[in-house]
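Reader: Hi! Could you walk me through this one?
Author: Happy to, here it comes.

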Amino acid sequence: MLPLHAKRIVLGVTGSIACYKAADLASKLTQLGAEVDVILTAAAEHFIKPLTFQSVTGRRAYIDQDLWGPEGHVLHVKLGKDADLLLIAPATANTLAKLAAGQADNLLTLTALAATAPLMLAPAMDGGMFDHPATQASLETLRAHGAQVHGPVSGHLASGLSGVGRMLEPAELAGHARVALSAGGPLAGRRVLVTAGGTQEPIDPVRVIANRSSGKQGYALAQAALDLGAQVTLVSGPTALIAPVGAHLLRVQTAVEMRDAVLALAAAADMLLMAAAVADFRPSQAADKKIKRAEGVPTVELAANPDILKEVSQQAQKPRVLVGFAAESNDLLANAQGKLASKGLDMIVANDVSAQDAGFEVDTNRVILLSKDGGQEELPLLSKYEVARKVLEKAASLLK
Ligand code: CTP
């Protein structure tokens, strides 16, 4: 099931050049499973056509003329009442001023007055207009009425100037919408701690011992936990991935740094999902200067790293649910069962990393969920996000 399945979003689009990005936003929200009803203001129609939005949402996009059409007098009330979220992106200074004053002179502002759903605003305008006391006062009023305001950010502006006025990027806005729509989910009020990626153990200032973990499964777990309404902290080894919007990200490099971060956070967490590929060994002494080739082939002596999961499971104050991950190249079930018991886990996610379509770097995974009570559930080949949802749903049931 898609993350925003059955969620209804009214996307208000107002007259700013950032309208072209609103089409991407509408597409992203639709791809996440939401039903997106777009309302354009008359000024927005100068920049972009309703057809553009209809083409990406598969639904009718509304303009002011529709106010006076056959659906007429109830259209704004229907759109407003049905919505789970009213997102206005881009939101111009003019629309912000109207909304703050409670004016309702077009389909969008009428719908905003009629809506009971949360209001999210993504302002976009020239820097000077954003800084103007009138705009700032509008935003203050709207925040006081409960609106969430995201952006604008700093950068190049259509005026050729640069400053704070750019609409937040569609991917980030979609992330904020996702967080807002997950409120009250099955993990609402729960703290979920996720580790992701591989650790790196320095040999010298330029070289490390690393592993092939991309962090994709761990980041997908963080996103899935957010989608179920949890408060998420993501402790991540080095990776190029972007943390999901709403997750609190802590970056670490080594296994020891990850252990320290996890132990500091574990006592307050309800659940730990330990997806990181923690290096079992580190160079016992990292050289403080780059090792030179002319010095000959070095011998790197290794020392054992802490077993983070085992340490957590031995703490008096620990998460109610501990989930481990076993990436194996052989004897999958026996090895995973052994880790489930020896690390004191409630559940372990076993995956055979020798398969081409599962494990490292790829976007899919094929796993078996083993639980403490002897339960065993083999999942088909799924996207890493779908695997994450299944893992989270099972772990959430263990919290009960
Ligand atoms: N793990 C950990 N600390 C370590 C090594 C692993 O917390 N030093 C966690 C991993 O994050 C994972 C689980 O333990 O959730 C199993 O990791 P894995 O590497 O498969 O197990 P190891 O105990 O390291 O055993 P081996 O590498 O010998 O298979």
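Reader: How much area is buried between domain 1 and domain 2?
Author: About 400 Å² is buried between domain 1 and domain 2, and carbon and sulfur atoms give 60% of that area. Buried area is the accessible area (1.4 Å probe) that two parts lose on being put together, summed over both. This is a predicted model, where local features need pLDDT of at least 70, side-chain atom pairs count only at pLDDT 80 or more, and totals for chains, interfaces and linings use all residues. Residues are numbered from 1 along each chain as its sequence is written, and side-chain values use heavy atoms, leaving out hydrogens and water.

Reader: Thanks! Where do the domains run?
Author: Domain 1 covers 8-181 and domain 2 covers 186-399; the bounds come from an automatic or database domain assignment. Their centres, taken over C-alpha atoms, are 39 Å apart.

Reader: And how many residues are in contact?
Author: 5 residues of domain 1 contact 5 of domain 2, with contact meaning heavy atoms within 4.5 Å.

Reader: Switching to helices: at what angle do α5 and α8 pack?
Author: Helix α5 (residues 93-101) and helix α8 (residues 133-144) pack at about 45 degrees, their axes 9 Å apart. Helices here are DSSP runs (H or I, at least four residues), numbered from the N terminus. Axes are lines fitted to C-alpha atoms over the stretch in contact, and angles run from 0 to 180 degrees between N-to-C directions.

Reader: Which residues meet there?
Author: Ala93, Leu96, Ala97, Leu99 and Ala100 in α5 meet Thr135, Ser138, Leu139, Thr141 and Leu142 in α8.

Technical notes: Helices (H or I, at least four residues) and strands (E, at least two) are DSSP runs, numbered from the N terminus.
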